[in-house]
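Please open the model in your viewer and keep the selection panel at hand.

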Amino acid sequence: MTDLPLTGRARPDRTPHSLAEWRALGGYDAVERAFTIPPAQVLDAVDAAALNGRGGAGFPAARKWRFMPAPETSPGPRYLIVNGDEMEPGAFKDRFLLEALPHQVIEGALIAAHATHATEIIVLIRDDYRAAIAGLTRAIAEAQAAGYLNAMTMRVHPSAGRYIVGEETALIAALEGGRAMPRKRPPFPAQSGLWGRPTTVNNVETISLIPHILANGAQWFRALSHTEEGGTKLYGVSGRVRAPGLFEAAMGTTARELIDRAGGVSGSGRLLCFQPGGGASAFLGPEHLDVPMDFGHMAKAGAMLGTGTLIVLDDTACPVEVTARHMAFYARESCGWCVPCREGLPWAARILRALEDGSAQPEDLAALRDIAAEASPRGRSFCDLMGGAMAPLASLLARFPDLIDAHLHRGCPLKGAG
Ligand SMILES: Cc1cc2nc3c(=O)[nH]c(=O)nc-3n(C[C@H](O)[C@H](O)[C@H](O)COP(=O)(O)O)c2cc1C
């Protein structure tokens, strides 16, 4: 197998392989091997590989799997849900995996289901990803006809198209036919998930890495990384770069290296700041260009790796404008269940817009600071949508006070600069 486990077998034009072509590349070997070893041993391999979940929070995959109760203590249906809802602003990595490498997703899901004693696999895919939905459905039928699914049921569920559906408890509510609302945890899905049964939710990228750990070993996987967190990472680089795109690189690759791979900073060519983990991560500055981009190092730097979606701003791009656009998205996508989120995000979005167009007053700025202070701490809402929306706002207020002041009364001083 290749040293680029996620993308190494993809065709340049992203068209998926037939089952026969996938087999010729060594596909399903890891599944056959995994099925000959006990689930506990698969768990140990994933543990030793130091694989952190790629859905945003970076939670260790094996530790999550170990939360599932033993089948003897909880007989009956158990679920593995593969999360392909992907609506984070700037994120497009799962789309690539689902479209170009559907059999890799199936392989990983079969191994994860084996390790967690799941009886059914459901892949929830963002509704807009039509090619991914059709391609994975086709690939599942092929794998089933060839006998790779054994007794496992595996199906695709198109998501209703709201960002909140990606949050695991809201996702479960949506699969049950209800409105996609997050709920308080505990109970965690492993204790009481889909239809009240033990459930594991993993991201598409997390799942896609599993076959390679089984095929090549935990040590090989760890050695791919620059840091203690195993494997490679699919980084998306967008914003003010010359050649935006998706890059598979060692976990812990720096923003400097990734921006170079994306052709360098465009616009003025001078970096102002970047968001390392998509629209819901704080802004970091040029002083952070050499910090390894893994979950631990990004958290220590005051941001988060999230989905590994690097958004770059040159010094003619306005971070107030960028935050305003993100905030408008999160305000629209709030499910409205928790009051600070339902009320705070639209309010913040209106003030940011007013700053941009020059109609904001000093008291609006004071209100914006209040919202950031009240809504940022964890525990004020059932899910992390609000906390994520506040991260860029809080760092905007801390990092660019002069630029924000310059917006008062006059609007964006950078308008037309970039
Ligand atoms: C508002 C919100 C949206 C989310 N959207 C996604 C998503 O689209 N895909 C995803 O994998 N995880 C998403 N998550 C994280 C999931 O709740 C969950 O942690 C993840 O699917 C677990 O996968 P992992 O352990 O493999 O990282 C979202 C979380 C929040 C709070």
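For the residue classes used below, Ala, Val, Leu, Ile, Met, Phe, Trp, Tyr, Cys and Pro count as nonpolar, Asp, Glu, Lys and Arg as charged, and the others, Gly among them, as polar. This is a predicted model, in which local features need pLDDT of at least 70 and side-chain atom pairs count only at pLDDT 80 or more, while totals for chains, interfaces and linings use all residues. Residues are numbered from 1 along each chain as its sequence is written, and side-chain values use heavy atoms, with hydrogens and water left out.

Begin by colouring domain 1 (19-218), domain 2 (232-314) and domain 3 (319-409), bounds that come from an automatic or database domain assignment. The centres of domain 1 and domain 3, taken over C-alpha atoms, are separated by 34 Å.

Next, select the interface of these two domains, where 14 residues of domain 1 are in contact with 11 residues of domain 3 (heavy atoms within 4.5 Å). On the side of domain 1 that touches domain 3, the rule finds one salt bridge across the interface, and the residues of that side divide into seven nonpolar, no polar and seven charged. Show Glu-333 and Arg-162, whose closest N and O atoms are 3.0 Å apart in a salt bridge (a side-chain nitrogen of Lys or Arg within 4 Å of a carboxyl oxygen of Asp or Glu).

Finally, select Ile-164, Pro-182, Trp-337 and Met-386, which are among the residues lining the largest cavity; this lining has nine nonpolar, three polar and no charged residues. A cavity here is a set of points on a 1 Å grid over the protein atoms alone where a 1.4 Å probe fits but cannot get out, and lining residues have an atom within 4 Å of a point.

Key: On a 1 Å grid over the protein atoms alone, a cavity is a set of points where a 1.4 Å probe fits but cannot get out, and a pocket is an open set with protein on both sides within 12 Å along at least five of seven lines; lining residues have an atom within 4 Å of a point.
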